[in-house]
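The following paragraphs go through a structure one chain at a time and then turn to the contact between chains. Please keep the sequence and the model in view while reading.

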Amino acid sequence: MSENTRVDARGLSCPQPVVETKKAMGKQAGGTIEVLVDTVTSRENVSRLARNQGWEVTAEELPDGGFKVTITKA
Amino acid sequence: MFSGLNRLLMSRGGPAITGAVVGILAPVLSFLGNPANMGICVACFGRDIAGALGMHRAAVVQYIRPELSGFILGSLLAALMYKEFKPRTGSSPIIRFFLGMFAMIGALVFLGCPWRAYIRLSAGDLNAIPGIIGLSVGVIIGILFLWNGFSLGRSYPAKKAMGMIMPAFAVVLLALLILAPTFGPDGAGPIFFSETGPGSQHAPIAIALGVGLLVGWLAQRTRFCTVGAIRDLVMLRDFHLFNGVLAFIAAAFITNLLLGQFNLGMEGQPVAHTNILWNFMGMVLSGLAFTLAGGCPGRMFIMSGEGDGDAGIFILGMLVGAGIAHNFSLASSPAGPGAFGPSATIVGIIFCLAIGFLMREKVTV
């Protein structure tokens with residue numbers, strides 16, 4: 001299983017970004033998952049989920065106004 | 001001070017703050033003239049607006065409720081100020097229209113949106129309990145679909161003008177409320193206002209609009225959502241939205257006690273019926289439709305203020321659903337469910353189940 005996954009959740013309704021992130025976290029015990037979202041709300045929701053599950057979270061704004069949330073776990 | 005307040009609203013406690021404020025203000029609005037246990041009800045108010053626009057002719061429930069315009073415009077202002085105004089659309093709008101329509105029909109079989117279900121409970125109306133249980137069951141069915149890949153597809157960025165359609169609609173509604181044009185046939189309409197019944201009962205316009213703007217602002221900043229609350233609690237064991245609902249019920253309970261509006265029991269509750277089965281089933285339909293669409297009706301108004309055209313379509317579906325609910329004798333009354341309310345509820349549930357099974361998408365790349 002790849003330790004580097006990308007979830008493209010841009011444009012998905014609440015709570016699908018969280019659901020897809022949770023599914024991705026379930027498939028790998030650690031590593032890095034990049035989640036692309038398009039709203040602040042989704043960025044917050046994905047970040048909150050990841051922190052609650054013990055992952056480290058960083059988020060950056062993309063040129064198109066969306067966000068890349070990178071979550072990592074050793 | 002403003003940025004400190006915003007940080008507080010954006011924190012995990014934000015939804016609880018919004019819940020408490022709505023919980024206090026809703027009974028106060030009833031005290032100031034809104035119908036009993038209906039200080040704020042997104043479904044009932046949508047139904048009243050549909051009636052005022054002549055989409056149904058139930059003469060007792062016609063009024064343009066400024067609270068709902070306030071929700072959209074308060075959310076718009078907050079979204080503009082914090083750079084969260086993002087016009088977007090294209091996620092199965094036609095399905096969202098029908099989800100809105102059936103969500104409204106279910107809500108009018110119960111007689112209230114989730115917000116009103118909690119308000120009714122806080123005022124001692126025990127008929128709210130089967131409704132809230134039904135709402136939770138509907139949400140849980142929706143969650144099962146979500147876990148199994150349900151999706152209405154992506155929305156895409158749109159032009160600013162598209163995002164301003166629902167705010168403009170909100171302003172037009174306010175103008176119609178104030179101008180109240182009557183150039184229809186027989187000197188009545190096209191805007192209708194109830195002379196008796198719940199539609200004739202309303203708080204002063206400025207206060208109602210002010211509360212709407214405040215709640216719209218707060219809900220935009222805190223993402224307050226009464227359906228998301230149950231969903232996140234069940235799916236993710238995440239309490240932060242649910243705390244908003246608990247704060248809402250607690251604050252409304254205390255405010256109703258203080259204002260002498262608490263009355264425990266099932267019989268004789270205002271704008272409510274005692275049929276347990278259809279209080280339950282109506283909200284199963286609503287809860288499922290709201291979950292498939294991504295939020296409670298209040299949240300839909302907030303998102304439409306942020307430029308979400310799909311939420312706007314859902315709202316228009318709700319208005320049409322309200323028209324249908326009264327024109328086709330689906331809506332309940334204090335006497336009980338409407339003649340065809342139960343069958344429409346079943347049709348709605350079948351529709352939602354079909355959408356749930358048929359709309360799937362694989363997302364991870």
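Read from the N terminus, the elements of chain A follow the order β-α-β-α-β-β. In this predicted model, chain A therefore comprises two helices and four strands. Its radius of gyration is 11 Å, close to the 11 Å that the globule rule gives for 74 residues, so chain A is as compact as a globular protein of that length. Along the principal axes, the C-alpha trace of chain A spans about 30 × 20 × 20 Å.

The four strands of chain A make an open sheet with mixed pairing, in the order β1-β2-β4-β3. At the edges stand β1 (4–8) and β3 (56–61) of chain A; each has a single partner strand, so one side of each is left without a neighbour in the sheet. From one strand to the next, the twist averages 15°.

Strands of a sheet pair through backbone hydrogen bonds, either parallel or antiparallel. The pairing of β3(A) with β4 (residues 67–73) of chain A is antiparallel and runs over six bridges. Within that stretch, V57(A) has I71(A) in β4(A) as its bridge partner. Helix α1 (residues 16–27) of chain A packs on the sheet, where it touches β1 and β2 (31–37) of chain A. The direction of α1(A) makes about 165° with that of β2(A).

Helix α2 (residues 14–31) and helix α12 (residues 240–258) of chain B pack with their axes 7 Å apart, at an angle of about 30°. Angles under 35 degrees count as roughly parallel, so α2(B) is roughly parallel to α12(B). The contact between α2(B) and α12(B) has 16 nonpolar and eight polar residues, and no charged residues. The crossing in which α2(B) passes α12(B) is right-handed.

The last step is the interface between the two chains. Here 21 residues of chain B are in contact with 23 residues of chain A. On the side of chain B that touches chain A, the elements that give two or more residues are α7 (128–147) and α11 (226–236) of chain B. The largest share of that side, three residues, comes from α11(B). By class, the residues on this side of chain B divide into seven nonpolar, seven polar and seven charged.

Technical notes
Residues are numbered from 1 along each chain as its sequence is written. Chains are lettered from A and ligands numbered from 1 in the order in which they are written. This is a predicted model: local features need pLDDT of at least 70, side-chain atom pairs count only at pLDDT 80 or more; totals for chains, interfaces and linings use all residues. Two residues are in contact if their C-beta atoms, placed from the backbone, lie within 7 Å. Ala, Val, Leu, Ile, Met, Phe, Trp, Tyr, Cys and Pro count as nonpolar, Asp, Glu, Lys and Arg as charged, and the others, Gly among them, as polar. Two strands pair if DSSP finds at least two bridges between them. Axes are lines fitted to C-alpha atoms, for helices over the stretch in contact, and angles run from 0 to 180 degrees between N-to-C directions. Angles under 35 degrees count as roughly parallel, over 145 as roughly antiparallel, 65 to 115 as roughly perpendicular and the rest as oblique. A crossing is left-handed if the near helix is turned anticlockwise from the far one by less than a right angle, and right-handed if clockwise. The radius of gyration is taken over C-alpha atoms; the globule rule is 2.2 Å times the number of residues to the power 0.38.
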